[in-house]
Amino acid sequence: MRVYAIRSYATNSILHEGYFPSFAACVEDAVQKRIDLGAADFRNKNLTNTNLDDARMSAADFTNSNLAGANLSESALDRAIFQNASLHNICLAFSSLVE
């Protein structure tokens with residue numbers, strides 16, 4: 001395992017970090033611990049088949065990321081950026097996507 005960190009693109013501060021088998025596992029751990037990932041930098045990341053149910057990710061940037069098969073149900077995704085992101089078969093049930 002290696003150290004992975006989720007950073008804010010707005011402040012470059014670390015929102016969550018630790019030893020994980022993958023970046024996706026780091027994100028799942030942060031969501032499970034109810035860490036606010038607002039303005040998180042997920043650009044160019046592989047988040048396929050991740051369970052991000054009930055995540056708090058307002059204004060997160062998913063530009064060019066692969067979210068295929070991800071569960072984002074009941075998540076706060078207001079002002080999130082999904083430019084060129086792969087969104088095949090994702091679940092957004094009951095999520096907030098206000099611009």
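**Close-up views of a predicted model**

View 1. At 32% relative accessibility, Cys91 counts as partly exposed, because partly exposed covers values between the 20% limit for buried and the 50% limit for exposed. Cys26, by contrast, has a relative accessible area of 0% and is buried. Across the whole structure, a search finds 0 disulfides.

View 2. Tyr19 belongs to strand 2, which spans residues 14-20. Is Tyr19 buried or exposed? Its relative accessible area is 60%, so Tyr19 is exposed.

**View 3. The largest nonpolar core.** This core holds 25 residues. Those with the most contacts inside the core are Ile6, Val27, Leu37, Phe42, Leu47, Met57 and Phe62. At least two core residues come from each of strand 1 (2-7) and helix 1 (23-32). Which element gives the largest share of the core? That share, 7 residues, comes from helix 1.

**View 4. Surroundings of Phe42.** Phe42 is one of the residues with the most contacts inside the core. Neighbours within four places in sequence are left aside here. The contacts of Phe42 then include Ile6, Phe23, Val27, Leu37, Leu47, Met57 and Phe62. Phe42 is also in contact with Ala60, Asp61, Thr63 and Ser65.

Methods
Residues numbered from 1 in each chain as written. Predicted model: local features only at pLDDT ≥ 70, side-chain atom pairs only at ≥ 80, totals over all residues. Heavy atoms only, no water. Disulfide = S-S within 2.5 Å. Buried < 20%, exposed > 50% of the residue type's maximum accessible area, 1.4 Å probe, protein only. Helix = DSSP H or I, 4+ residues; strand = E, 2+ residues; numbered from the N terminus. Core = buried A, V, L, I, M, F, W, Y, C linked by side-chain atoms within 4.5 Å. Contact = heavy atoms within 4.5 Å.
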